[in-house]
Amino acid sequence: MIKQNIFTGFLTGIAANIAGVMLYITLLSEADIDATLQDAVANGYLGKIIALGAILNFLPFFVFLKKKQNYHARGVLLATVSVAVAVAIYKFL
């Protein structure tokens, strides 16, 4: 049961991160999502966009804490750390 709750929180964190990236691109970019992501890869700022998208993880994290669903919140935190490690690896390779 605990592993399932952490996994659910992890998936929620990844989904929130993707939603944050899409929201950021939609609100602050004049180009469409595909063109913006291609430009980000070409010019080396994809990691920054993904990191800004991770800000949206605060919402499910604190909602889970408020509902006393600590293992779900732990999964969101794990997703955030995983994304940070992936961005660091991407940046240094």
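A helix here is a DSSP run of H or I with at least four residues, and helices are numbered from the N terminus. The model is predicted.

Q: Where do F58 and F62 lie, and how many residues apart are they?
A: Both F58 and F62 sit in helix α4. They are four residues apart, about one turn of the helix.

Q: How many aromatic pairs does a search of the whole structure find?
A: The search finds two aromatic pairs.

Q: Why is the pair of F58 and F62 called stacked?
A: Ring centres must lie within 6.5 Å to pair, and planes under 30 degrees apart count as stacked. The centres of F58 and F62 are 6.1 Å apart and their planes are at 10°, so the pair is stacked.

Q: What makes the pair of F61 and F62 edge-to-face?
A: Planes over 60 degrees apart count as edge-to-face. The planes of F61 and F62 are at 75°, with ring centres 5.2 Å apart, so this pair is edge-to-face.

Q: Which residues form one aromatic cluster?
A: The cluster is formed by F58, F61 and F62.

Q: Why does F62 count as partly exposed?
A: Buried means under 20% relative accessible area and exposed means over 50%, with partly exposed in between. F62 has 48% relative accessibility, so F62 counts as partly exposed.

Q: How do you know that α4 and α5 are roughly antiparallel?
A: Angles over 145 degrees count as roughly antiparallel. Helix α4 (residues 58-66) and α5 pack at about 165°, with axes 7 Å apart. The two helices are therefore roughly antiparallel to each other. Their contact is made by P60, F61, F64 and L65 of α4, together with N70, H72, A73, V76 and L77 of α5. Those residues divide into seven nonpolar, two polar and no charged.

Q: Why is H72 called buried?
A: The cut-off for buried is under 20% relative accessible area. H72 has 14%, so H72 is buried. This residue is found in helix α5 (residues 70-92). Leaving out residues up to four places away in sequence, H72 touches N5, T8, G9 and F64.

Q: Is G9 buried or exposed, and what makes it so?
A: Under 20% means buried. G9 has 0% relative accessibility, so G9 counts as buried. Its place is in helix α1 (residues 2-28). With residues up to four places away in sequence not counted, G9 touches F64, H72, G75 and V76. G9 and A79 are 70 residues apart in sequence, yet 8.0 Å apart in space, C-alpha to C-alpha.

How values were computed
Residues are numbered from 1 along each chain as its sequence is written. This is a predicted model: local features need pLDDT of at least 70, side-chain atom pairs count only at pLDDT 80 or more; totals for chains, interfaces and linings use all residues. Side-chain values use heavy atoms; hydrogens and water are left out. Buried means under 20% relative accessible area, exposed over 50%, partly exposed in between (1.4 Å probe, protein chains only). Contact means heavy atoms within 4.5 Å. Axes are lines fitted to C-alpha atoms, for helices over the stretch in contact, and angles run from 0 to 180 degrees between N-to-C directions. Angles under 35 degrees count as roughly parallel, over 145 as roughly antiparallel, 65 to 115 as roughly perpendicular and the rest as oblique. Ala, Val, Leu, Ile, Met, Phe, Trp, Tyr, Cys and Pro count as nonpolar, Asp, Glu, Lys and Arg as charged, and the others, Gly among them, as polar. Rings of Phe, Tyr and Trp (its six-membered ring) pair if their centres lie within 6.5 Å; planes under 30 degrees apart count as stacked, over 60 as edge-to-face and the rest as tilted.
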